[in-house]
Amino acid sequence: MNARLLGVALVLAAARPATAVAQVERLAGRVDDATRAAVAAVVDSAREAGVPAEPLVNKALEGASKGADGARIVAAVHALAGDLGRARSALGPGASPAELVAGGAAVRAGVRGAVLEELRARYPRESLMVPLAVMADLVARGVPADTAARSVLVLMREGVRDAELVAFRQSVERDIALGAPAGGAAAVRLDGALPGTTSTTPAAPRKP
Amino acid sequence: MPRRSPRRLLALAVCCAAGARPCAAQVEAGLDAAASYVRYEGFLGSGAASLSPSLAWRSPRTTLAARGTFLVFESGNASLQGLLTAGTFSPALGPLRVEAQAEAGASSYVGFAHFAHALGSLRLHALGGRWGAWAGPLLGSVAHEGSGAGAAGVAAGAWMRWPAGALEVIWSRVTVGDTAYSDVQARARWHAGALEVEGTLGARTAIPGGGASAYGDVSLVLGFAGPVALIATAGRYPGDPVSGSIPGRYVTAGLRLSPRHPAAARPTLAVPAPARTATPAASGAATVEERDGLAVLVVTAGGARRVELMGDFTGWQAVDLAPGADGRWRYAPGLPAGMYRFNVRVDGGPWAVPDGVATAADEFGGRVGVLVVP
């Protein structure tokens, strides 16, 4: 790194909040200097968009522990910063770090930002961490993103609690493990969770 | 029928073990062409057309068979399935005979990953004149996109036959990865002249988390014009985690070209079971306990000497879990509400995801467990 770049890095470091500095310091001894500087730059850029540093640094640490090279670590951190930024935009400035992490996972899984915006608009004061995490998990299990999103929205509209959402997700996962198609499993479990509300089945089944 | 099916194995037993119709070595080939209406659970009903070629070589004690099914739905999507089976009987030991069976199958359906399985079984048959009973274990594996799960089970059955038909009752218990199920089936077959009627009634019970289900079907085979037969089948069948088929209802009618007219086959749609990133023995199973308002992560790994964990909450540094009674290992610091990523390692093995938690790609070429604490 030449003197000019080092100067820029020092200026950026000086402008970085103490919490962000502390987070980036966790990388000391875990990644090489170049990777650390690149991650710090991503963290700084993300911070301007209201994205917390901790999940980004955790991602870098995960990569380091798994033996990934610097380029792959930086790419993963950069991608996560993008996901968290989109979640931040959709969930608003009041979103908690936990909500952003779950929202970022949902966005990465394929849930549209409009769904996150709808959730926040409907539930401006409740934590959306669990609903968003459930959406992300369902999509990871093969449930179509729109089906997963609408399932969670319908359940929340019916007043289910976080623990019930987690139980719903587990039921769908068990059905899938038994060979049920993912979208069908979510629809069937949603019907089961909402007796008498079959008309709210979130996604119409399709032909095979 | 490209599904693993205890009744198929029993049909072989009825034919050869009893020696009622001594089998000279012969080769049989057949082709089914059929039109179906299928309604898989979670899907809309759909028309489908299928072609199912089959080939078998039979000697007095040994059978080798292959069967495939190519199924095209209204949507243009298609499924392709194949199954190879081999079975042989020992010489008679008084009223007893031992049967060894092996089968390998694969299936694929557009939009889903490929699915394959291999199973072997041993059976001890006790044979009377018009009756028989058998029992034995089966063992194998199921593969899906590079990940596998062990399959194990035990099955037992009894049958009676008379000149115009046979009645068979089968019980089986099969475990595939962390999925286990039991089936009880009754099957009757009756024939008169060129008409053969076969019916099955079954119930699936003891499915962890999956409830119970009943199923059954009726099939007709009406021979005419030499090697040509009319086939018709209708019914409902359960999902099969071994072969990857999903539950569904169906009606099928078509023609069979074969010098003989074995029981009608039904169309199946192969849908893979979810990938398993690790077996319980390799990475344990994770649960969460609540203590003082915090979540305590518990990994059950019976027989393990050391269990380590790394994740967001350890700075992705490996930490040893504290051993407890009954093979339960705890991450003592409780976790507040949040979404956490982590991996577990048992006895210095590879970092993996324990059963019981959601998994996701980790962007570094592996998998990571995702724990949500409400």
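Okay, let's start with a definition: two strands pair if DSSP finds at least two bridges between them. Helices (H or I, at least four residues) and strands (E, at least two) are themselves DSSP runs, numbered from the N terminus.

Now, the ground rules. This is a predicted model, where local features need pLDDT of at least 70, side-chain atom pairs count only at pLDDT 80 or more, and totals for chains, interfaces and linings use all residues. Residues are numbered from 1 along each chain as its sequence is written, and chains are lettered from A and ligands numbered from 1 in the order in which they are written.

So, pairing in chain B. Strand E9 (residues 165–176) and strand E10 (residues 179–192) run antiparallel, joined by 12 bridges. If you look at B:Ile170, you'll find B:Gln185 of E10(B) opposite. E9(B) also has two faces: B:Ala166, B:Glu168, B:Ile170, B:Ser172, B:Val174 and B:Val176 sit on the covered one, while the uncovered one includes B:Trp171 and B:Arg173.

Over to chain A. It has 11 helices and 0 strands. Of its 208 residues, 50% are buried, meaning that 20 or more other C-beta atoms lie within 10 Å of the residue's own, with C-beta atoms placed from the backbone (exposed is 12 or fewer, partly exposed is in between).

Let's zoom in on helix H6 of chain A, residues 97–109. How far apart are its end C-alpha atoms? They are 18 Å apart, which agrees with the 18 Å that 13 residues should span at 1.5 Å a residue; the expected span is 1.5 Å times one less than the number of residues. H6(A) is mostly covered, with 12 of its 13 residues buried, among them A:Leu100, A:Val101 and A:Arg108. What do those buried residues pack against? In chain A, helices H4, H5, H7, H8 and H9, together with strand E21 (338–346) of chain B. Just after the helix, A:Gly110 has a positive phi of about 120°.

Last thing: confidence. pLDDT is the predictor's confidence in each residue, from 0 to 100. Chain B has a mean of 78, and 80% of its residues reach 70 or more. Over residues 1–23 of chain B, though, pLDDT is below 50, and over residues 261–281 of that chain it stays under 50. Where pLDDT is low, the predicted coordinates should not be read in detail. As for the model's scores, ipTM is 0.80 and pTM is 0.51.

Key:
Two residues are in contact if their C-beta atoms, placed from the backbone, lie within 7 Å.
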